[in-house]
Amino acid sequence: MNIILEDAVKKSTDVKEKVCEWRSPEELKELLDLELRDEGESESEILQRCRDTIRYSVKTTHPRFFNQLFAGMEPYSLVASVIVEALKPSLYTYEVAPVFTLVENAVLRKMMELIGWEEGGDGIFCAGGSMSNMYALNLARYHHCPDVKEHGLSAAPRLVIFTSEECHYSIAKSAALLGIGTKNVYVVASDERGKMIPSALEELIETAKKEGTIPFFVNATAGTTVLGAFDPLEEIADICEKHNIWLHVDACWGGAALMSDRHKHLLKGIHRANSVAWNPHKMLMVCLQCSAFLVRDKTSLLQDCHSSRASYLFQQDKFYDVSYDTGDKSVQCSRKPDSFKFWLMWKALGKGELKQRVDRAFAMAKYFAEQIKQREGFQLLMEPECTNVCFWYIPPSLRNLQGHPKFWKKLHTVAPAIKERMMKVGSMMVGYQTHKDRVNFFRMVLVSPQVSTEDADFVLDEMHNLGKDL
């Protein structure tokens with residue numbers, strides 16, 4: 001416990017410490033001695049294994065980790081995680097997990113309230129946002145064609161999914177996994193800011209109908225992974241209602257904006273969705289993982305779709321109200337009570353503090369974007385809508401080449417080179433990627449309230465120091 005507190009908690013959140021201690025895979029294999037043997041090791045050796053594991057892991061809680069859509073240390077959620085691991089519960093029946101069953105129900109109700117489902121709904125916490133999106137597809141298909149559950153794909157017509165070109169890759173993966181097929185995922189054009197174009201959606205639906213397919217599912221995104229764009233939910237909902245299509249909103253990233261009076265307008269119309277995916281482990285900083293799948297339906301659709309009525313778990317003649325045995329809604333059997341990490345944090349901080357956390361993340365993104373605009377050698381891709389800030393660093397050698405045919409080709413190599421250097425130095429972590437016809441650029445994700453304006457300024461200073469000779 002002392003090693004955990006000192007090395008994994010205190011040092012990992014200390015801005016003076018490194019974000020990572022980079023080693024190549026071959027070097028790390030040698031350092032860690034990964035071989036599993038017949039005989040156990042001494043306690044002192046095991047403690048050293050713990051120290052090494054922490055030392056060579058990336059410190060995602062560090063104030064200068066900006067690489068993913070999650071970051072920062074959340075102490076109340078961490079405590080909840082420790083309690084869960086100590087108790088080792090599984091969330092399928094009330095008799096095995098009474099406290100955590102009630103906690104999950106309470107958290108889901110509150111999240112539905114924030115979405116705007118005044119009459120409630122249904123839901124479950126599951127193993128990540130990708131799983132939530134898969135649940136949505138499976139449930140929508142069951143709603144449209146319930147015979148698929150028993151008779152398989154032979155009972156279904158050719159079903160078609162619509163999603164924007166900016167959506168999360170889990171939509172295509174889910175289509176493949178569920179047997180719908182990636183060729184039946186119709187990609188809708190997005191505008192220059194990454195938002196789905198409603199007129200393009202409607203045109204594609206009409207095209208699909210003429211092809212003899214059955215449009216059954218539209219995935220809208222509230223906070224895209226790269227650009228942080230919010231699809232126009234009201235207009236998309238109008239189209240879905242007109243064509244009687246299930247509307248799912250992937251709000252895994254942007255759902256946190258519902259906490260904020262200042263930013264919840266970004267999700268205007270989300271209450272009209274049939275289902276929503278929302279990850280509190282992202283902008284709200286709950287410990288990984290914490291992902292909710294929420295459904296507006298209250299007719300036990302989720303239960304009917306996934307239930308197998310295992311007689312050794314879900315006996316109907318128990319001595320308590322068996323409606324609290326929620327495990328048959330899930331495709332998993334064993335399931336961790338991830339909602340508890342959100343619940344304990346909310347109880348400790350209150351909605352007011354969570355609202356401030358979201359507002360501060362948006363404010364920091366705005367601050368960072370303004371700093372980019374004021375600095376020579378930095379170019380903003382676009383004004384941020386969420387807390388993703390996308391930009392290029394242009395080294396001095398290229399600043400007089402803008403407009404030259406080779407400029408973009410040369411700039412394409414800059415971000416990977418800087419990323420390698422920052423990882424080996426260990427000073428910070430910022431991700432990069434291409435996007436459509438845009439060459440490699442950085443995506444800075446601001447989440448944690450532990451990030452200061454000094455940390456944001458440091459990123460730009462350090463990026464220049466690492467890349468000025470390129």
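Me: What is the order of the open sheet of five strands, and what kind of pairing does it have?
Reply: In this predicted model, the open sheet of five strands runs in the order 1-11-12-10-9, and its pairing is mixed.

Me: What makes strand 1 and strand 9 the edge strands?
Reply: Strand 1 (65–66) and strand 9 (378–380) each pair on one side only. Two strands count as paired if there are at least two bridges between them. Strand 9 and strand 10 (residues 388–393) have three bridges, in the antiparallel sense, so they meet that cut-off of at least two. Within this pair, Phe-378 stands opposite Tyr-393.

Me: Which helices pack on this sheet?
Reply: Helix 12 (residues 339–374) touches strand 9, strand 10 and strand 12 (438–445), and its direction makes about 15 degrees with that of strand 10. Helix 14 (residues 414–425) touches strand 10, strand 11 (429–435) and strand 12, and makes about 160 degrees with strand 11.

Me: What is the order of the open sheet of seven strands, and which are its edge strands?
Reply: The order is 2-8-7-6-5-3-4, again with mixed pairing. Strand 2 and strand 4 are the edges, as each pairs on one side only. From one strand to the next, the twist averages 20 degrees.

Me: How do you know that strand 8 pairs with strand 2 and with strand 7?
Reply: The cut-off is at least two bridges. Strand 2 (residues 122–126) is joined to strand 8 by five bridges, and strand 7 (residues 275–278) pairs with strand 8 over four. Phe-293 of strand 8 is the bridge partner of Ile-124 and stands opposite Ala-277.

Me: Which pairing in this sheet is parallel?
Reply: One parallel case is strand 3 with strand 5, joined by five bridges. There, Thr-163 stands opposite Asn-219 in strand 5.

Me: Why is strand 8 called largely enclosed?
Reply: A residue is buried when its relative accessible area is under 20%. Five of the five residues of strand 8 (residues 291–295) are buried, so the strand is largely enclosed by the rest of the structure. Both faces are covered, with Ser-291, Phe-293 and Val-295 on one side and Ala-292 and Leu-294 on the other. Helix 5 (residues 98–115) lies across strand 2, strand 7 and strand 8, at about 115 degrees to strand 2.

Me: How do you know that the length of helix 9 agrees with its number of residues?
Reply: Helix 9 (residues 198–210) has 13 residues, which at 1.5 Å a residue should span 18 Å; the end C-alpha atoms are 19 Å apart, so the two agree.

Me: What puts the buried residues of helix 9 on the same side?
Reply: The buried residues are Pro-198, Ala-200, Leu-201, Ile-205 and Ala-208. They cover an arc of only 155 degrees around the axis, which means they lie on the same side of helix 9. Glu-203 and Lys-210, on the other side, are exposed. The cover over the buried residues includes strand 3 (159–164), strand 4 (185–188), strand 5 (214–221) and helix 10 (233–243).

Me: Which residues touch the most other members of the largest nonpolar core?
Reply: Of its 110 residues, they are Leu-267, Val-276, Leu-294, Phe-342, Phe-368 and Met-463. Helix 12 gives the most to this core, with 13 residues. A second, separate core has 27 residues, including Leu-139, Phe-217, Trp-246 and Cys-305.

Terms used
Residues numbered from 1 in each chain as written. Predicted model: local features only at pLDDT ≥ 70, side-chain atom pairs only at ≥ 80, totals over all residues. Heavy atoms only, no water. Buried < 20%, exposed > 50% of the residue type's maximum accessible area, 1.4 Å probe, protein only. Helix = DSSP H or I, 4+ residues; strand = E, 2+ residues; numbered from the N terminus. Expected span 1.5 Å × (residues − 1). Arc of directions from axis to C-beta. Contact = heavy atoms within 4.5 Å. Axes fitted to C-alpha atoms, helices over the stretch in contact; angles between N-to-C directions. Core = buried A, V, L, I, M, F, W, Y, C linked by side-chain atoms within 4.5 Å.
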